[in-house]
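The following paragraphs lead the reader through one structure, step by step. Please keep the sequence and the three-dimensional view at hand while reading.

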Amino acid sequence: MALNAEDRVTITDLIALHGHLVDVGELQRLDELFTADVIYDVTDLGGTALEGLDGIRQAAHALGAGNPVAHHVTNIVLTPISDTEVVARSKGIGVNTDGTCGSATYEDTVVRTDSGWRISHRKVHARRVPLNGLWG
């Protein structure tokens, strides 16, 4: 199953837009990124699987000043599953208020909706061990 160039650019921009919106607190625009019933799984970060747009907003408000000041995404790889579903893997770097950084891998299910491509499921995997511990 091939993914055309326009869809690739649109999905890549969708994933990149997340950091821009969240970092400036434009949480009212989450519907531009996610389906209404999105599952945003941050269990690997010590949280829960957030349900729906309001679940994401509530978690962001609850974290308050503990939210990263910057979310950067890179290394986006798209794998089409069907004409209406794509699996996207990307690397995320979060910058905290004290200047420390964290690395994560995003695993997204992206679906074509009447409003365009939207993320219906995101699983965030914290990257804490180099090479997945393959040494020694």
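This is a predicted model: local features need pLDDT of at least 70, side-chain atom pairs count only at pLDDT 80 or more; totals for chains, interfaces and linings use all residues.

A network of salt bridges links Glu26, Arg29 and Glu32.

Six strands form an open sheet of mixed pairing, in the order β2-β1-β6-β5-β4-β3. Its edge strands are β2 and β3, the latter covering residues 70-82, and each of them pairs on one side only. On average, neighbouring strands of this sheet are turned by 20 degrees against each other, direction ignored. In general, the strands of a sheet pair through backbone hydrogen bonds, in either a parallel or an antiparallel manner.

Both manners of pairing can be followed at β6. Strand β6 comprises residues 116-127 and runs parallel to β1, to which four bridges join it; here Ile39 has His121 as its bridge partner in β6. With strand β5, residues 101-113, β6 runs antiparallel, and eleven bridges join the two. Ser103, for instance, is partnered in β6 by Arg127, and Tyr106 is partnered by Val124. The hairpin between β5 and β6 passes through two residues.

Asp41 forms it with Lys123, the closest N and O atoms being 3.3 Å apart. Because Asp41 lies in strand β1 and Lys123 in strand β6, the pair ties together parts that are 82 residues apart in sequence. Asp41 has a relative accessibility of 12%, and therefore counts as buried, the limit being under 20%.

In strand β5, Asp108 deserves attention. Is this residue, Asp108, buried or exposed? With a relative accessible area of 1%, Asp108 is buried. Its side chain joins that of Arg122 in a polar contact of 2.7 Å. Leaving aside residues up to four places away in sequence, Asp108 touches Ile15, Val86, Val87, Ala88, Ile119, His121 and Arg122.

Although Gly19 and Asp31 are twelve residues apart along the chain, their C-alpha atoms are separated by 14 Å.

Helix α2 lies across β1 and β2 and runs at about 50 degrees to β1. At 1.5 Å a residue, its twelve residues, 52-63, should span 16 Å; the C-alpha atoms at its ends are 17 Å apart, so the two values agree. Which residues of α2 are buried? They are Gly52, Leu53, Gly55, Ile56, Arg57 and Ala60, and these buried residues pack against β1 and β2. The side chain of Arg57 also meets that of Asp54 in a salt bridge of 2.9 Å, N to O. Because Asp54 and Arg57 are three residues apart in helix α2, about one helical turn separates them. Just after α2, Gly64 takes a positive phi of about 50 degrees.

Key. Residues are numbered from 1 along each chain as its sequence is written. Side-chain values use heavy atoms; hydrogens and water are left out. The expected span of a helix is 1.5 Å times one less than its number of residues. Buried means under 20% relative accessible area, exposed over 50%, partly exposed in between (1.4 Å probe, protein chains only). Contact means heavy atoms within 4.5 Å. Two strands pair if DSSP finds at least two bridges between them. Axes are lines fitted to C-alpha atoms, for helices over the stretch in contact, and angles run from 0 to 180 degrees between N-to-C directions. A polar contact is a pair of N or O atoms within 3.5 Å; within protein, one must be able to donate a hydrogen and the other to accept it, and residues adjacent in sequence count only if both atoms are side-chain atoms. A salt bridge is a side-chain nitrogen of Lys or Arg within 4 Å of a carboxyl oxygen of Asp or Glu.
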